[in-house]
Amino acid sequence: MKAFQEMEDQFSLPLFNKRGLTLVRGENALVWDVEGRRYIDCAGGHGVVNVGHANPRVATALAEQAQTLITCTGSFYNDKRARLLKKLIEISPASLQKAFLCNSGAEAVEAALKFARLTTGKTEFVCARRGFHGRTMGALSATFNPNYKKDFEPLVPGFTFVPFNDFPALKKALTDQTAAVLLEVVQGEGGVHIGRKEYFEDVQKLCKEREILLIIDEVQTGFGRTGRMFASEYVDLQPDILCLAKGIAGGVPMGATLCSAKIKVLHGKHGSTFGGNPLACAAGLATIDFIEENNLPEQAFEKGQYFKKQFKIDDLPIVTEVRQIGLMIGIELKKKAQPYIKILQEKGVIAIPAGPQVVRLLPPLTIEYELLDEVIEKLTHVLGKTSL
């Protein structure tokens, strides 16, 4: 393990806060390090492996496609791309009619910002505080946390931030140059804060009245994570643009920007060499088929409810609140989360932070109840330590 870690440290730019593990194998909700130690993965690649690690359906689709055709640019038609595009439109909100395929959530957001400016001729965006939309220059400009942004300024101008779930503040921020409102239904990186139904109803109505586009970022919440195929279903949203990635292709890099008929783009205005390549599309089709056939949104809903019921916080004075929707769980602490996440890892559970004081859990939607029980037991033990 030490040799691989030294190799990465020598040849990789130091952009990641490494956690001391060399992971070499995964199966469903479990991963193993190079020394054979097993961990319950409640990070899930930051919410990527909704269908579980090394999902056999996805692996088979990848193997078959790799022996058929790996790459095919958007200048040519392709069977797998056509089928995936059709499937995405079928399962998404009814307002969405066409899609642009790319390689990540940040790229999906970047395309959305360009499409909004191109369609409206306007340049400004209203976003939410605590919102996170990616690390490319446009997506970073739409992200709130100053710590992500300060070293890269000046960023793209025209972004205003208002409190989440505060409709009067959002309404006040709109101007005659507002191209779009960009929001997450659930703020994942921002601490697992859940949007209120009446808030989104008011925002959607106002955007229609003012002819402002509504962009919804479901990069982390899509594909069953919250107990619905998309979290937009909870709040009856019909967005003009929907940004997707993470769980879309079983762990293969892919993103998508879904658009309504309002969005007008022309040849040559945007593109991607690898976006919509047959390999990723085959993985995406296998992933969505597996999600539908196994009703993973319902599984996520039921397992999330089970977790909330079984995880007792009355005897955990360090825990302030548990925010949960499906298998998207944020445990807010009175102290810094990172030391507790480190101990959880030592106990065999991998979790991630969502802000400085929130332990975030994003396990595969296929996680077994026995493993959930083990996670709850270890969380209870670790968070019962009031001093570290």
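The second largest pocket of this predicted model has a volume of about 1,100 Å³. Of the 32 residues that line this pocket, Gly74, Ala99, Phe100, Leu101 and Val265 are the closest to its centre. A pocket here is an open set of points on a 1 Å grid over the protein atoms alone, with protein on both sides within 12 Å along at least five of seven lines, and a lining residue has an atom within 4 Å of a point. Grid points are joined across faces, edges and corners, and the volume is the space filled by probe spheres set on the points.

At least two lining residues each come from helix 4 (79–91), strand 4 (96–102) and strand 12 (255–260). Strand 4 supplies the largest share of the lining, 5 residues. Helices (H or I, at least four residues) and strands (E, at least two) are DSSP runs numbered from the N terminus. By class, the lining of the second largest pocket holds 13 nonpolar, 15 polar and 4 charged residues. In this count Ala, Val, Leu, Ile, Met, Phe, Trp, Tyr, Cys and Pro are nonpolar, Asp, Glu, Lys and Arg are charged, and the others, Gly among them, are polar.

The model is predicted, and local features need pLDDT of at least 70, side-chain atom pairs count only at pLDDT 80 or more, while totals for chains, interfaces and linings use all residues. Residues are numbered from 1 along each chain as its sequence is written, and side-chain values use heavy atoms, with hydrogens and water left out.

Helix 1 (residues 2–11) gives the most to the patch, with 3 residues. Met7 lies in this helix and is partly exposed, because its relative accessible area is 47% and that class lies between buried (under 20%) and exposed (over 50%), with a 1.4 Å probe and protein chains only.

Charged side chains form another set of contacts. A search of the whole structure finds 15 salt bridges, each a side-chain nitrogen of Lys or Arg within 4 Å of a carboxyl oxygen of Asp or Glu. Side chains of opposite charge can pair when their charged atoms come close. One of these bridges joins Asp79 and Lys80, with the closest N and O atoms 3.9 Å apart. Asp79 counts as partly exposed at 48% relative accessibility, whereas Lys80 is buried at 19%.

Another bridge pairs Lys197 with Asp236, the closest N and O atoms being 3.1 Å apart. This pair links distant parts of the chain, 39 residues apart: Lys197 is in helix 9 (residues 197–210), and Asp236 is in the loop between strand 10 (213–217) and strand 11 (241–244). Lys197 is partly exposed at 33% relative accessibility, and Asp236 is partly exposed at 45%. Asp236 also has a positive phi of about 55 degrees, although it is not a glycine.

Glu374 and Lys378 meet through their side chains in a salt bridge of 3.0 Å, N to O. Because they are 4 residues apart in helix 13 (residues 369–383), Glu374 and Lys378 are separated by about one helical turn. Glu374 is buried, with a relative accessible area of 17%. A network of salt bridges links Arg38, Glu374 and Lys378.

Some backbone features in loops remain. Asn28 has a phi near 55 degrees, a positive value in a residue other than glycine. Asn28 is placed in the loop between strand 1 (23–27) and strand 2 (30–33), and counts as buried at 19% relative accessibility.

A cis peptide bond joins Glu153 and Pro154, with omega about 5 degrees. Pro154 is in the loop between helix 7 and strand 6. Phe152 is placed in the loop between helix 7 (146–149) and strand 6 (159–162), and is partly exposed, with a relative accessible area of 48%. The C-alpha atoms of Phe152 and Leu15, which are 137 residues apart along the chain, are separated by 15 Å.

Conventions. 1 Å grid on protein atoms, 1.4 Å probe; cavity = no way out; pocket = protein on both sides within 12 Å on 5 of 7 lines; lining within 4 Å.
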